[in-house]
Amino acid sequence: MADADKKEKDSINQINGQKPQRAWITVHKKMTKEGIKTSFKGNLQYRLAKDKYTATKFDNFMAVAVTIRDRIVERWIKTQQQYHKKNVKRVYYLSMEFLIGRLLGSNILNLGLFNEMTSALEEMGFDIEELRDEELDAGLGNGGLGRLAACFLDSMATLGIPAHGYGIRYDYGIFNQKIVNGYQVELPDEWLRHGNPWEFARPEYTVKIRFGGKTRHFKDKRGKFRVRLIDSDDVLALPFDMPIVGYKNDVINTLRLWSARSTEDFDFSYFNDGDYESAVYNKMFSENISRVLYPNDTVSRGRELRLKQEYFFTAASIADIIRRFKVHNSDFKNFPDKVAIQLNDTHPSLATVELLRILIDEENLDWDAAWEIVTQTFAYTNHTILPEALEAWSLPLFQKLLPRHLELIYEINHRFLREVATMFPLDNDILKRVSIIEESNPQRIRMANLSIIASHSVNGVSALHSKIIRESIFKDFYVFWPEKFNNKTNGITQRRWLQKSNPHLSKLITDSIGDGWVTDLYQLKKLEEFSSQSAFLKKWQQVKVENKKNLAQYVYKNLGVKINPESMFDVQVKRIHEYKRQLLFAFYAISEYLKIKNDPNGFCVPRTFIFGGKAAPGYFMAKLIIKFVNNIAEVINKDRSIKGKLRVVFLENYRVSLAERIFPASDLSEQISTAGKEASGTGCMKFMINGALTVGTLDGANIEMKEAVGEENIYIFGLNIDQVNILLKQGYNPKEYVARSVILTEIVRLMKGNFFSPIDPGLFDPILETVLNKDPYFICADFDSYLSLQEVISKDYNDKSSWTKRSILNVASSGKFSSDRTISEYAGEIWKVPYNCR
């Protein structure tokens, strides 16, 4: 027994004369195995009112979670006390999404308690993995945007940056996806149904949020022009705090999520009249604001709710930031010296106007002083290259919900356009392009333009993406403000995506080069010297096989499909969207099937094609692609003549915890978006850090991965962005490419003949029509290049030693893609806050 555990047992024995609860309280925060066991038992009894006979698996999970939480809280309070004592500059990260997933495993690792917790649970007869599986994913995001935000919070805490995340505490996160007869069916994600052990309600910091009403303009006693909002509809924003644990540094930051509450819970006049529904209508209507992530914005009510969500959380956050600033500061001129606010895309951009409103209407600053504070405080990260994805709000809707903010936007726009006109006196077209107000019918408010104008920094999230926004999307702004624009290539936290999700590989790496890589990913470069050692290669291969077996067991348990761990696991898991080209991957799966059917004895590397991802509920084509993939799987998996050489599986309900199973088991990562369409992508980095090789286009972060790992260790195909643009100018005819491709012609023939939809003739005609007549994402143009490269990949995979060496070199070259590196760049170059580089 360790000395610490022995001393603790002795101390417990000395307390025998005390009541059991007293003994538990005395030792419940100890960072040792015995302390954990005592805490667990105490939490089960005194907080959950259960014993070993009545406790369910979920009760046991909760007892473990609270045991860890207790150890977090002490450090959390000390961290926040230090921030206040030193009156530090703080970073506020505003995001509509935080896809944090499960927290138990990460919190245990970041506290440095994994061995102690595992040992304690084993001695009490529990399996830590079974208890971790009881935790529901906190699906407060849709994909890369939300997962990036979660990685950034982890890195900020680990780097010791005083930071707070702000978002919405959605009652229902991203929907649970079920595949029924091949179709996606959306079910509510009730992630809070059993409670959340990590959150603390903070009702004392509730903020009143005001919608609608009308503005009253008047002069005060000093003759100063003033504005007040009257007759508004009010909603309360109730904050819930979650701790964000830094890695082994005792730094605990805060994620504050806002939940909507009605100002009137119950109307007795309606109740007494027997109108019970109307009695609670205001409560239900108000609380819808935080009910669901991404309401359907194809209908007017959905759009109104979405705009309400954006203002709700940004207004609450700005009020909270100002309240905290005023604790130690009185002069708003110092606000940018104490506050840095990062906008994670345009969703929080109303925060800029809200801060301006408060400074002018409530703090009585003049316009120039207030605007200077705003522009020195905010920084904006753009996440999309797709013009249709750039957020814009109908002006009539905006005027209805936020009349005062519209007045301020008019004034911001007027002053900005006056500056532009001074620089470009004869160019009326540029005024139209850069104006916040789009002259459409109805007029729309362009949130990206607002974000750029109101921020001192504008960054893209990969080198290519940043180049595109400078030279194309926001070219006019770049000409006007070149100093604002910069690049911050995205990253991922290795603590979640390697240390936690791939413990076998983590152990092999740590045993070989030490554990410094956990906080300095560049140290993985040391693996290069092992890439030619046959004994190390064999160990690396064994880890991959075990991970593949684990995923194969999951697939069989959940889908009833047996997949061969010896086959190549060829994987594309991400949000379903046409530009991400799941169709290209599906067509390749069909081509492999046709090759085997035409030449059963020919060379073939067995492959398991693994798809996963969710389609937006209102996105018809994306949902049809899911059905298409599942119908392909139905045909291929039931064809005995191919002797199990191919399998196709669609893993339903792709989420963070499932991703943690998939990445460690993957051999080949499909990053095949149309060049110039993916801003960055972080899934590619998660595959890379787990030893998968990448096949992809010169898009997003693929370009920087190629530079890092070398072109011989990555597979690149297809048109680059310049070639795409040339083809568009020349006139692109996809049918010409189909006619030149024997395989693509055969795939089209099969689809026209309803080979994959025999009982639903014409089901996939919309796919055919799009691909043959429009093909906006150049599937036909890139298909043969993709097919040829896959032939090379199959032959390379057959050479296990060479493939394994390149797998090791991919991991060794992934140092740049840590979110720690990304956040250190934000901290030093944008936020101007110190950080600990370990």
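Is Thr346 buried or exposed, and what is its relative accessible area? From there, please take me to strand β21 and describe how β21 is covered.

Tutor: The model is a predicted one, and that should be kept in mind throughout. Thr346 has a relative accessible area of 4%, and because the cut-off for buried is under 20%, Thr346 counts as buried. This residue belongs to the loop that runs between β13 (339-344) and α14 (350-362). Its side chain makes a polar contact of 3.0 Å with the side chain of Glu391. When neighbours within four places in sequence are set aside, Thr346 touches Glu391 together with Tyr380, Met447, Ala448 and Ser451.

Turning now to strand β21, which spans residues 607-612, we find that six of its six residues are buried, so that the strand is mostly covered. In general, the side chains of a regular strand alternate between the two faces of the sheet. In β21 both faces are covered, with Arg607, Phe609 and Phe611 buried on one side, and Thr608, Ile610 and Gly612 buried on the other.

The setting of β21 is an open sheet of six strands, paired in parallel and ordered β22-β21-β20-β23-β24-β25. At the edges of this sheet lie β22 (646-651) and β25 (715-716), each of which pairs on one side only. Strand β21 is joined to β22 by six bridges, the two running parallel, and within that pairing Gly612 stands opposite Leu651. Strand β20 (residues 568-573) likewise pairs with β21 in the parallel sense, over six bridges, and here Asp570 has Phe609 as its bridge partner.

A helix residue also reaches this region: Phe585, found in helix α25 (residues 582-598), is buried, with a relative accessibility of 0%. Apart from neighbours within four places in sequence, its contacts include Phe609, Ile610 and Phe611, three residues that are themselves among the buried ones of β21. The contacts of Phe585 also include Asp570, the bridge partner of Phe609, as well as Val571, Gln572, Glu670, Ile672 and Tyr786.

Together with Val180 and Val185, Leu187 forms a nonpolar patch on the surface, with about 210 Å² of accessible area between the three.

Notes
Residues numbered from 1 in each chain as written. Predicted model: local features only at pLDDT ≥ 70, side-chain atom pairs only at ≥ 80, totals over all residues. Heavy atoms only, no water. Patch = residues over 30% accessible without salt bridge, like charges linked within 9 Å, V, L, I, M, F, W, Y side chains within 5 Å. Areas by Shrake-Rupley, 256 points an atom, 1.4 Å probe, with all protein chains shown as cover. Salt bridge = Lys/Arg side-chain N within 4 Å of Asp/Glu carboxyl O. Helix = DSSP H or I, 4+ residues; strand = E, 2+ residues; numbered from the N terminus. Buried < 20%, exposed > 50% of the residue type's maximum accessible area, 1.4 Å probe, protein only. Polar contact = N/O pair within 3.5 Å; in protein donor to acceptor, adjacent residues only side chain to side chain. Contact = heavy atoms within 4.5 Å. Pairing = 2+ DSSP bridges.
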